[in-house]
Amino acid sequence: MIAHDTPFDPGLLKATTRALADAAPEADRTGDFPWVGIRAVHQSGLLESTVAERYGGAGATLYEVATILAALGRGDPSVALISAMTIFSHLGQATKSHWPEDLYTSLLAQAKQRPLLLNAARVEPELGSPARGGLPATVARRTATGWSITGRKRFVTGAHGLTHFLVWAHTDETPAQVGTFVVPNKLPGIRVIENWNSLGMRASGSHDVEYTDVEIPLENVIDLVDPSVAQQDNRAHAAITLALTALYLGVAEAAQEAFIRFAHERVPTNLGHPIARTERFVTLSGEIDLLVSGARQIIFDALKDKQAEAEKHIRARLLAGRQLRDAVQIAVRGIGNPGLGNELGLERHFRDIQSVLVHAPQEDTSISILGRAAFERWKSERDAPLAPPASLTVLKTA
């Protein structure tokens, strides 16, 4: 069920979800870039949903983004993930205005003609995920006209179809700086290494990308700062990571729908009626609904809280992610052999849902953040001065 809590037409969301769902099996089978789904998202206007009102956009909030991603994830989570990277990039500009103005407005002009697809290229073979600390080996060298980018990045979602890579690199200056360099795709020196062979999210095309002396203009850089302040702040990104989890809510809701449809269409001859009437399937349906609907409630209640601390968003992401993963497993196990075939779609949903908690910061890093926060709370409460005892008031009776 698609919630009606965004400024976007519910009918538009539903139609876009259906277009993605129709194309998803073939995209999953081939692993090719999912152009059919991406074009549907582009035509719906959802790729630019978070463009700020000052640029003529709808200015969608993070809460509304989560609703959009849940709808797209119900159709095809790979398309939803590729779309999310662009949606979050526009949201970043709406809140921080960190892009060079001329560069950003030129990209918005391009978006009117074709899908504008942006994604950060941050993970490196040696470094691993920046969420665990460290600085990039990728280097940006000054040239007579701009920058020359050299390095290799991993897990670049949507690599083949992106219009621009947002490459995290350090400069060759003294002292060095670290920043995000806007690199148009298809330039000389860019090579996509097709090594994405994952259990799920196959159409996301999260390949490695190698950059060899790729020339870009001088102004194509965002947030050029001293390396001492360039570390990724996992707490600062907690709300965005929670909103990203909503696309996997969509996966679990698609799995729930497939389970319910099977239960109503399956009529064994020895029963003479749909298995949906049996107590076993009623109970399984209840367990699945508890986990899936409960995860929706957890995600959106946390995002609705404007004053929430990062720990609340981290907790919500972990709890919801674990519930969604469990729910799809129950659906597959409950149906048995038919659930493992590709006819129902459950097998694909089961593979895709495994990625729910692998996005940075990973589960162990997130747990560590919560653990340290709990220790700090205890210390703070232990060391807090005791309040003076309240004065006693003697009530006098007449």
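**View 1. Lys186 in the loop between strand S5 and strand S6.** Lys186 sits in the loop that runs between S5 and strand S6 (190-193), as seen in this predicted model. Although Lys186 is not a glycine, its phi is positive, at about 75°. The residue counts as exposed, its relative accessibility being 62%. For background, most residues other than glycine have a negative phi.

**View 2. Asp223 in strand S8.** Asp223 belongs to strand S8, which covers residues 221-225, and its phi is near 55°, again a positive value in a residue other than glycine.

View 3. The peptide bond from Thr174 to Pro175 is cis, with an omega near 0°, and Pro175 is placed in the loop between strand S4 (164-171) and strand S5 (178-184). A cis bond is also found from Ala360 to Pro361, where omega is near -5°, and Pro361 lies in the loop that separates H10 from helix H11 (363-383). As a general point of reference, most peptide bonds are trans.

**View 4. Helix H1, its two ends and its kink.** The 21 residues of H1 should span 30 Å at 1.5 Å a residue, and this agrees with its end C-alpha atoms, which are 30 Å apart. The N-terminal end of H1 is capped by Asp9, one of whose side-chain oxygens lies 3.0 Å from the backbone nitrogen of Gly11. Along H1, a kink of about 40° is found at Ala24, shortly before the proline Pro25. After H1 comes Gly31, which has a positive phi near 75°.

View 5. Glu26 and Arg29 form a salt bridge in which the closest N and O atoms are 2.7 Å apart. Because the two residues are 3 residues apart in helix H1 (residues 10-30), about one helical turn separates Glu26 from Arg29. Glu26 counts as partly exposed at 44% relative accessibility, while Arg29, at 59%, counts as exposed.

**View 6. Further salt bridges.** The structure holds 17 salt bridges, and among them is the one in which the side chains of Lys312 and Asp305 meet, at 2.9 Å from N to O. Lys312 counts as partly exposed at 35% relative accessibility, and Asp305 likewise counts as partly exposed, at 27%. Asp383 and Arg382 form another salt bridge, their closest N and O atoms lying 2.9 Å apart, and here Asp383 is exposed, with a relative accessible area of 52%. A network of salt bridges, finally, links Arg74, Glu253, Glu257 and Arg296.

**View 7. Lys153, a buried lysine in strand S3.** Lys153 lies in strand S3, which comprises residues 146-156, and it is buried, with a relative accessible area of 0%. Its side chain reaches the backbone oxygen of Trp168 at 2.7 Å, and a polar contact of 3.5 Å joins the side chains of Lys153 and Thr138. Apart from neighbours within four places in sequence, the residues in contact with Lys153 include Ala121, Arg122, Val123, Glu124, Pro136, Val167, His207, Asp208, Val209 and Tyr211, and both Thr138 and Trp168 are also in that set.

View 8. An unreviewed UniProt entry places the feature "domain: Acyl-CoA dehydrogenase/oxidase N-terminal" at residues 18-84. In the model, the end C-alpha atoms of residues 18-84 lie 18 Å apart, and the span is 67% helix and 0% strand.

Note on methods: Residues numbered from 1 in each chain as written. Predicted model: local features only at pLDDT ≥ 70, side-chain atom pairs only at ≥ 80, totals over all residues. Heavy atoms only, no water. Salt bridge = Lys/Arg side-chain N within 4 Å of Asp/Glu carboxyl O. Helix = DSSP H or I, 4+ residues; strand = E, 2+ residues; numbered from the N terminus. Buried < 20%, exposed > 50% of the residue type's maximum accessible area, 1.4 Å probe, protein only. Expected span 1.5 Å × (residues − 1). Bend = angle between axes of the 7 residues up to and from the residue. Polar contact = N/O pair within 3.5 Å; in protein donor to acceptor, adjacent residues only side chain to side chain. Contact = heavy atoms within 4.5 Å. UniProt positions renumbered as here; feature names shortened; annotations may be inferred.
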